[in-house]
Structures are given as structure tokens and as C-alpha cells.
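Here is a short briefing on one protein chain. Keep the sequence and the 3D view open as you read. The points are grouped by topic.

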Amino acid sequence: MLNKRIIFFLGFCCWGFVLSAQDTSKKQRVEITSAFKPVLKNAVKINFNATPPAPETANPNLSYNIPLQNLLFSLQPVALKPMALQIDSAGVAHNSNYIKLGYGNFNTPLAEAGITIGDGKKTNFNLFAGHLSQKGDLRLQQWNQTAINAHLNTVAGQVEVYGKAGYEQKTFFLYGLDTAFNNSKDDSLKKPYQTFSVKAGFRNAYVNRFGLTYNPDVDIKVFSDSRASETNAILNLPVEIRAGNVVRAALAVNADLTSFKPTGGTSYTNNVFFVNPAVIFKTEKIRLRAGIRPTWDNGSLRVLPDVLLDIPTKDGKAVFIAGWTGHVRKNNYQYLVSQNPWINQPQSQFNTRITELFGGVKGSVASSFNYRLQAGFFEFLNQPLFVNYLKPRAVFNVVQEGKLQGLHAQAELGYVITDQLNLSAKLDIYSFTGQETEPEPWHFIPTQITAALRWQPIKKLMIKSDLFAWQGPVYRVNAAGDAATLPSVADLNAGIEFRATKMISVWTQFNNIFNNTYRRWNLYPQLGFQFVGGIRVTFDQKL
């Protein structure tokens, strides 16, 4: 108790001493000896290492839906024109609107014009007109061709509607080296042909969500030679349905109707119908089309094959191909004239059933070089052949070969460097192993080579060249069936076009540079060296 009192007394004395030591006369103030600096604690950071992830060694499984750019050529002979019908081997002009004029030896005037109207996206209207004629040194060695065509395409919603109409007039003369026509009037030896054509159809502009595509169309042609007339109408109904990216189902229905009335004869018809169902199976390792083509040829039913197989190599640079196909080719009057314009009117018509079994390989090397090698067996049933051993010999008659069989080898090569250089070549070799009716395949070309060059060394200059060469065919000499062979042919053409200004170009074309008056058809020599030159005026503005 005493201790507590002593502690209390000492504390009171100290407090009093402090109070007595304070100077109240001075102004009070606060002294800060250190400024306050707020500091955040260091946060924990992620330490990123600059080490890339390990590369994957497994090959990715990629699937592309890119159509093959190699063309599938049918194993049948290519039609050859009796004369150099197309002077300009460059084809249709690249400009939308143009006028092309020219003139050359053999009294060769050329005139062309093309006009395009539309926005190029939803609606397009194209109009083309052209005229070309030539006159050789022999009596009536002349021909002319005039054509006008109109095309219309328009997109309405999800559907594209298209159509075209045209008129073409060709006139030939029986100038063959036949003394039977020495005293004949020129008009009696004229072979004029006219064609009126109309085609219309529609197709889906985009693949719908059901994977359905369709493209029905109707094509009507009225063909005449001023004495006889023929009407051809083709109705085509193709439909395709996709079931994913692997399987597709296709169906095509076709009706090909012909009505022909010969001079002084009775009208007759030639009708062919077919149905073509097929299944298309496509993966990375195989592409297969398996189908059949039941065909009614004037009431006679034949079931024809439709099988195509592509097997790509592992690196995709080559594709092994195989096929077994069949179809019926209409040998109407218009088709026969397109092969040989110096024929008699057919008093009846027959169609050719073509069956092909082939295999080969196609592919590309270094993205610029492409090739296709193919060989197979073919059979033509009821093949038309052309003979002119009967008088007057300047007129050809069509004979029916019941069965023509053989082997066909084909090679195609191509080399492309962007838009500057394009080289292509094709070789066809036919070896006949069986023939039923005629002793020889009259006027059937056994070997043929075609080649083309398109070279643009500078922007304003285009150089082009074409080569046509073939082994001479066999023709019939007399009624006994004796045969002779026409000489082989090499026909080289070349042309140059230079754009002098934005609107004007000058061009030249040289045909049959070797000046070989060869004969594609017996008794009908062709024109020799031909030269045509002129100008082209282009109009790029929209109308």
C-alpha cells in the first residue's frame, strides 16, 4: 500500500514538471521529419520462356473439294472442217465490245462485231455477228459463212435463267475434180445450209442447303438445205444431290427428237431417249462414278455403262484413270453435214452406239506442265463412212458400217506460264482390229496430231500458232472395193496481234504456211497459202 502511494506521488510530480516546462507564448506547429511515400508490394509475375512449341510430326488430314482441271476426252475422232473455216485461231475477243475487219488473198473478206450489255453480275446480254468467205483458183472452189448469235443470262434470286438464239448460213459448191459437172450450171452445184437455233434453260445459281443442283434446258434447231428440212429438239433434265462431301447422287433424263423431210420423199423421225442414274463417290484416295445409261434408240433398248474411276497417288501429282462408258450418237442430217458438206441427202438415218473401255494416267509436274496418257478399246456400231466412187464422184454417199472395232491411244501435253505462254499438244492413234461391213474405214483418219501456241512476250503483243497434222485416210476407188490412201498432211498456221492504242489493234493471220493443197476428202483439194490482215477496234465502256 505504501509502495502504491509513493509511485502515485512521483508520477504527479513529473506531470507537473512537464506542464511547467511548456512555453505557451509561442505558436504551435507540427514538424514532419519524413514525407509519406506509398509503395505497392511487388506482384508475382509469370515468367514467359521464349521456347517455341514442339512441331507436330503427324500429317494433317485435310479434305479439299476442288474439281479436276484435266479434261476428259471421248475416245472418238475429232471432226475436221473441210476448209479453213476459222481464219482467226485466237477465238473470241477478250474485250466486251469490238469490231474486227480484215481482208486477204483468195478474195477473203472478214467482218466481226461483238457487243455486251449488262452489269456482269446479274444480267448479261451478248450479241455476236460475223462473216467470212473465200474463193480459190479452181472453178467454184468457194464458200461463205455468215452467223449472228444472241445470248442472255440473268439471275433472279437463287435461280439463273439463260437463253440464246442464232442464225447461221453456210454455202459450199461441188467443186470436186469431176468431169461429170463440167457443163453443169453453177447454181445446180450449190450446197446452201441454214440453221435457226433457240436454247433456253435455268439452273440454281447457288447450291442450296439440301445439296441440290439442277440445270434443265431445251435446245431446238431447224436445219435445211433449201430442198430438205430437219427439226431437232433436245430436252435435257439433269439433277444432282449431295449427301455430305463424299457421296453424290446424279440423275439425267434426255429426249433427242428429230424429224426429217427429204426432197421428194416421205418424212420420218429419229428419236433417242436415255435415263442416266449414277452415284459419285469421292474421297482423298478414290473418285468413282458408277452408273448405267438405259437408252432407247428408235424403240430399241440398250443398257450402256457409265463408270469412271480416278485413283490419285499419295502426293497428288498423278492420277490413275479408268473408264467404261457408252452412249448413242445421233447421225442426223445436220451432224453428217458438219463432217462432210458434200454429201447426198440421207434417205434414212441410223445412229452410232459407241462403247469405250480405257485406262491411263494424268497429272502435273512443277505446276506448269500437265499431261494425260490413255489407251483403250473402242467399238462403233453403225458407224457412218463416206464414199464417192459412184457417179457423179463429186458427191459423197453415206454408208453404214455395222461394226468397227480397234484400239485407241491418246496423249496430251500442256505447258502454261500464267498468261504469258500456253503450249498444248494432242496425239490420237487408232488401230482397227475388226470391221464387219465395209473392207476399209473409208475417210476415217487413223492418226492425228494437233498443237497450239499462245505467247504474249509483252503486254501489247500476242503471237499464236496452230498445227494440224494427220495420216492420210483410205478412200474407196471403185465398186469392186479397191482402196487407195490420201497423202499425209501438215498444216501450220500462225498469227500476230499488236495493240497500237487503247482502242485499236492490228492483226495478221497466215494459214497453210507450207502451201500444201492437201485433200481431206477425195477429189477436193484445199486452198494453199492464205494471208489475212486487218484491224480491231475495241470499246471497253459499259453500254
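Two strands pair if DSSP finds at least two bridges between them. With that in hand, look at Thr-146: its bridge partner in strand E5 is Gln-169. Keep in mind that this is a predicted model.

**Confidence**

- The protein chain has an average pLDDT of 86. A score of at least 70 is reached by 82% of the residues.
- Residues 12-22 stay under 50 in pLDDT. For this stretch the model has zero contacts beyond four places in sequence.
- Residues 43-95 also stay under 50. Here the model has 91 contacts beyond four places in sequence.

- Strand E4 covers residues 142-156, and strand E5 covers residues 159-173. The two run antiparallel and are joined by 13 bridges.
- E4 and E5 form a hairpin, with two residues between them. Gly-157 sits in the turn and has a positive phi of about 70 degrees.
- E5 also pairs with strand E6, residues 190-204. This pairing is antiparallel too, and it runs over 15 bridges.
- Which residue in E6 is the bridge partner of Phe-172? The partner is Lys-191.
- In a regular strand the side chains alternate between the two faces of the sheet.

**Salt bridges**

- Side chains of opposite charge can pair when their charged atoms come close.
- How many salt bridges does the model have? The count comes to 13.
- Lys-221 forms one of them with Asp-219. Their closest N and O atoms are 2.9 Å apart.
- Is Asp-219 buried or exposed? Asp-219 is buried, because its relative accessible area is 14%, and buried means under 20%. Lys-221 has a value of 26%, so Lys-221 is partly exposed.
- Glu-240 and Arg-248 meet through their side chains in a salt bridge, at 2.9 Å from N to O.
- Glu-240 counts as buried because its relative accessible area is 18%. Arg-248, at 26%, is partly exposed.
- Asp-428 and Lys-426 form a salt bridge as well, at 3.9 Å from N to O.
- Why does Asp-428 count as buried? The reason is its relative accessibility of 8%. Lys-426 is also buried, with a relative accessible area of 15%.

Conventions
Residues numbered from 1 in each chain as written. Predicted model: local features only at pLDDT ≥ 70, side-chain atom pairs only at ≥ 80, totals over all residues. Heavy atoms only, no water. Helix = DSSP H or I, 4+ residues; strand = E, 2+ residues; numbered from the N terminus. pLDDT = per-residue confidence, 0-100. Contact = heavy atoms within 4.5 Å. Salt bridge = Lys/Arg side-chain N within 4 Å of Asp/Glu carboxyl O. Buried < 20%, exposed > 50% of the residue type's maximum accessible area, 1.4 Å probe, protein only.
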